[in-house]
Amino acid sequence: PAGSEVFGPRLGTFAVYDPVGDRMVMFGGYNAGWLDDTWSLALGGASPVWSRLATPGTRPGARVWHGEVYDPVRRRMLVIGGLDPAGGYLNDVWQLDLAAATPTWTQVLTLGTAPVPRECRGALYDPVRDRVLLFGGFSYPNHLNDTWALDLSGTPTWHRLLPAGTLPSPRRAMSMTYDAAGDRMLVFGGYDDVQFMNDVW
């Protein structure tokens with residue numbers, strides 16, 4: 001729309017919805033170069049408006065295929081892992097304070113054993129247990145099908161979950177969502193460099 005700043009095309013990023021600010025927020029991605037910018041799409045007016053968020057200080061390094069999760073308790077966006085310009089896989093955690101007048105990035109120091117660095121395209125917030133859930137992804141040369149929890153109360157702490165039963169096959173690029181009525185995580189589809197999938201777990 002007229003009056004918007006230009007938001008460049010990109011791949012390898014995701015978005016969160018900030019219900020208090022009625023806006024969509026996203027970080028990074030790739031478009032003929034690795035990106036480390038942060039953007040907001042205001043949804044409350046007659047027409048949505050893009051604006052680049054000026055985030056002073058240190059921010060996450062440029063990356064693609066990272067996890068982005070909205071934490072409603074602390075009103076922040078979390079960025080987890082991804083792939084950096086040197087081809088290195090990441091497992092760091094960053095937070096963007098969305099309640100601040102000037103949103104600021106800070107790295108989150110976690111306890112526990114972190115997941116292996118990865119493209120973590122599947123991450124979501126579990127509101128019942130105040131935690132982030134992470135499933136699968138890719139860390140060269142392996143597709144992954146492990147499940148992790150990052151507990152957010154107190155000092156954020158990683159735990160590997162060991163679900164019973166048959167696991168989904170290793171994959172990346174799947175869709176994930178939280179089903180509040182069933183208190184469950186749903187995983188749909190994905191890709192393992194051999195086939196595209198349309199199964200639901």
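This short talk covers the nonpolar cores, one surface patch and several salt bridges of the structure shown above.

Please keep in mind that this is a predicted model, in which local features need pLDDT of at least 70 and side-chain atom pairs count only at pLDDT 80 or more, while totals for chains, interfaces and linings use all residues. Residues are numbered from 1 along each chain as its sequence is written, and side-chain values use heavy atoms, with hydrogens and water left out.

Let me begin with the interior. A nonpolar core here is a set of buried Ala, Val, Leu, Ile, Met, Phe, Trp, Tyr and Cys residues joined through side-chain atoms within 4.5 Å, where buried means under 20% relative accessible area, exposed over 50%, and partly exposed in between, with a 1.4 Å probe and protein chains only. The largest such core has 14 residues, and Val93, Val132 and Trp158 touch the most other members. At least two residues of this core come from each of β6 (76-83), β9 (123-126), β10 (131-139) and β11 (142-151), the strands being DSSP runs of E with at least two residues, numbered from the N terminus. If we set aside neighbours within four places in sequence, the contacts of Val132 (heavy atoms within 4.5 Å) include Leu78, Ile80, Leu124 and Trp148. There is also a second, separate core of eleven residues, with Val16, Val25, Trp94 and Trp105 among them.

Turning to the surface, Leu11, Tyr30 and Trp34 form a nonpolar patch with about 270 Å² of accessible area together; patch members have over 30% relative accessible area and no salt bridge, and nonpolar side chains (Val, Leu, Ile, Met, Phe, Trp, Tyr) are joined within 5 Å, like charges within 9 Å. The areas come from the Shrake-Rupley method with a 1.4 Å probe, and for residues only the protein chains shown count as cover.

Now to the charged pairs. What does a search of the whole structure find? It finds 17 salt bridges, each a side-chain nitrogen of Lys or Arg within 4 Å of a carboxyl oxygen of Asp or Glu. In one of them, Arg118 and Asp146 have their closest N and O atoms 2.7 Å apart. Because Arg118 lies in the loop between β8 (105-107) and β9, and Asp146 in strand β11, this pair ties together parts that are 28 residues apart in sequence.

Asp126, found in strand β9, is buried at a relative accessible area of 1%. Its side chain meets that of Arg129 in a salt bridge at 3.0 Å, N to O, and that of Arg131 in another at 2.9 Å. Arg129 is partly exposed, at 39%, whereas Arg131 is buried.

Key:
Helices (H or I, at least four residues) and strands (E, at least two) are DSSP runs, numbered from the N terminus.
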